[in-house]
Amino acid sequence: MVENTNEGAAGSTAEELKKSGADIYEWDPENPEFWASTGKKVAMRNLWISIPSLLCGFAVWLYWGIITVQMLNLGFPFAKSELFTLMAIAGLTGATLRIPSSFFIRLTGGRNTIFFTTALLMIPALGAGLALRDQNTPLWVFQVLALLSGFGGGNFASSMSNISFFFPKKQQGLALGLNAGLGNFGVTSMQILVPLVMTFGLFGALGGGSMELQNTSGTLIGKIPAGSETWIQNAGFVWLIFLVPLAILGWFGMNNLRSSDVSPDIPNPILGFGLISGMLLVGFITAAFGLWLMLPESANGSGFGVPKEIVLVLVIASTVFFLKQIPGQIKSTLSRQYQIFNNKHTWVMSVIYTMTFGSFIGFAASFPLSIKVIFGYQHLLVDGVMTHDTVNVNGPSALMYAWMGPFIGALIRPLGGWVADKVGGALVTQVCSVLMVACSIGVAYSMKAAYGSATPEEFFMPFFILFLLLFAATGIGNGSTFRTIAMVFPKEQAGPVLGWTSAVAAYGAFYIPKVLGEQIKATTPEVALFGFAAFYAVCVFVNWWFYLRKDGEFYNP
């Protein structure tokens, strides 16, 4: 009798799905019959549209890491420290936008959210292409475009929250690992594609003219000598080729889950887009204010020099506070969803997730320019003063090597989710944490040796190999945290927690480039990596205390 009832329910739900089109009113992935007959097909379709949309989001968010290297090669009139601010601005904004994005699915539905947030990426992509056509474009224009690139960073929270609702708990590790891992391939795809499309006039007369390289550049297949033509504006324009069809595919191919535990009160799409825009505006305002407090006057800031740690706390707290002040449906929904902050494991997983994803995204954002600055210049002692401005003709091309770290970190992430589903998320995370401590210390010593040498290229290979191992550990560890979250939190909270923890962790895209930039300016880049190693050591203890102790509340979930 029970089997017949389940089959009838599955069949009835299947009919409901067929009739409902984009909106699905009944969704029960934990029911094996429903999952086999209907749920799996629908879930996989949404996943495979979500992945490339997220990929483009990561690409637009983090392409400043490659663009700034080429701006140096072309002789744009900006200091190295000013170029590092572009990555920091994009990083801070993208992370901040993840806070409101964590709640979009509940408010407006998955299909509506993914379509609109993917379409928004066209604004910074087009703007960057136009601005990069002229070396006289002022710094503030690039800073505004870096701010708008934060759209891509925010998309991760809504994308992960959406996919978590489609799959049963026992498959969420792999599904979320695929969405995050392949979505994070946006970093690698960008680091391979952008240098390539800059070598020829992809868009003809419509794309604008070329510029002449002052320093050697590079692509995946080799170095490009000084004096060669380049079309740096293609770094922005190229993403329009993908974003336009992806927005259309999202609108016609994805679904809103209107079930009571996901998104029961979705408004019409136009109102939904308005809700998303208003919440994103809150994030933009708080992030912009934080940046103004922190940046020097020379970089269009206040000159107050407020420490970055204080800025982070102010931005996060003010964003959470002001979002809740929005009246109507947003306030009532957020009041319910903010219950995740009463669960101590929300904060524990925020720390652990920051160790993995925060490190991945921060290193991905700063890896290209770090290679360029540390190994692309000779570090010479002149009249008792160490100088770092002489171009190192034997230095490695950042654009040839930088893509490999994010490639490994993203490629291996689904493996972390799969292994965690088999042996336990916390155990996998623990192994990765220990490896991250060791690799960070090794990278620090390599950086120190290189930054004090007239021939820094001698230390590049150990630096590079250790960094690849570090990226691999962040990827596997990040995949394993998805499984832990799925097991620790109830279904209604798991999606928002994924969004929230990813928001906190994404500040790594701001914090790591900022710290590395400051320490490089102070001629002590190794200090940054020693500091990261200390943080990872703390995470080893935290993960063990809450999830690997046999008498803990959640032993090896």
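The legends below accompany several close-up views of this predicted model. Residues are numbered from 1 along each chain as its sequence is written, and side-chain values use heavy atoms, with hydrogens and water left out. Because the model is predicted, local features need pLDDT of at least 70 and side-chain atom pairs count only at pLDDT 80 or more, while totals for chains, interfaces and linings use all residues.

**View 1. The buried face of helix H19.** Helix H19 spans residues 404-411 and has Gly-405, Pro-406, Gly-409 and Ala-410 buried, where buried means under 20% relative accessible area, exposed means over 50% and partly exposed lies in between, for a 1.4 Å probe and protein chains only. Helices (H or I, at least four residues) and strands (E, at least two) are DSSP runs, numbered from the N terminus. Seen down the axis of H19, the buried residues fall within an arc of 120 degrees, so they line one face of the helix; the arc is that of the directions from the helix axis to the C-beta atoms. Among the elements that cover these residues are helix H10 (169-183), helix H11 (185-197), helix H17 (344-375) and helix H22 (460-488), contact being defined as heavy atoms within 4.5 Å.

**View 2. Phe-463 in the largest nonpolar core.** A nonpolar core is a set of buried Ala, Val, Leu, Ile, Met, Phe, Trp, Tyr and Cys residues joined through side-chain atoms within 4.5 Å. Of the 173 residues in the largest such core, Trp-64, Trp-239 and Phe-463 touch the most other members, and the largest share of this core, 17 residues, comes from H17. When residues up to four places away in sequence are not counted, Phe-463 touches Phe-367, Ile-371, Phe-375, Val-443, Ser-446 and Met-447.

View 3. Thr-356 is placed in helix H17 and is buried, with a relative accessible area of 0%. Leaving aside neighbours within four places in sequence, Thr-356 is in contact with Thr-474, Gly-477, Asn-478 and Thr-481. Tyr-536 is placed in helix H25 (residues 525-548) and, at 2% relative accessibility, also counts as buried. With neighbours within four places in sequence again left aside, the contacts of Tyr-536 are Met-355, Ser-359, Phe-363, Ser-433, Met-436, Val-437 and Ser-440. Although Tyr-536 and Ile-352 are 184 residues apart along the chain, their C-alpha atoms are separated by 8.9 Å.

**View 4. Asn-255 in a loop.** Asn-255 lies between helix H13 (240-253) and strand E6 (256-257) and counts as buried at 3% relative accessibility. A polar atom of the Asn-255 side chain lies 3.4 Å from the backbone oxygen of Ala-22.

**View 5. Two aromatic pairs.** Rings of Phe, Tyr and Trp (its six-membered ring) pair if their centres lie within 6.5 Å; planes under 30 degrees apart count as stacked, over 60 as edge-to-face and the rest as tilted. A search of the whole structure finds 53 aromatic pairs. One of them, formed by Phe-116 and Phe-273, is stacked, with 4.7 Å centre to centre and 10 degrees between the planes. Phe-116 lies in helix H6 (residues 110-120) and Phe-273 in helix H14 (residues 269-294), so this pair ties together parts that are 157 residues apart in sequence. Both Phe-116 and Phe-273 are buried. The rings of Phe-541 and Trp-544 have their centres 6.0 Å apart and their planes at 40 degrees, so that pair is tilted. Phe-541 and Trp-544 are 3 residues apart in helix H25, which separates them by about one helical turn; Phe-541 is partly exposed at 49% relative accessible area, and Trp-544 is partly exposed at 37%.

**View 6. Arginines over tryptophan rings.** A charge sits over a ring if NZ of Lys or CZ of Arg is within 6 Å of the ring centre and within 35 degrees of the ring normal. Arg-111 lies over the face of Trp-251, at 3.5 Å from the ring centre, and Arg-549 lies over the face of Trp-545, at 3.8 Å from the ring centre.

**View 7. Loop residues with positive phi.** Most residues other than glycine have a negative phi. Asn-300, in the loop between H14 and helix H15 (308-324), has a positive phi near 70 degrees and counts as partly exposed at 42% relative accessibility. Thr-523, in the loop between helix H24 (508-521) and H25, has a positive phi of about 65 degrees and is partly exposed at 39% relative accessibility.

Technical notes:
A polar contact is a pair of N or O atoms within 3.5 Å; within protein, one must be able to donate a hydrogen and the other to accept it, and residues adjacent in sequence count only if both atoms are side-chain atoms.
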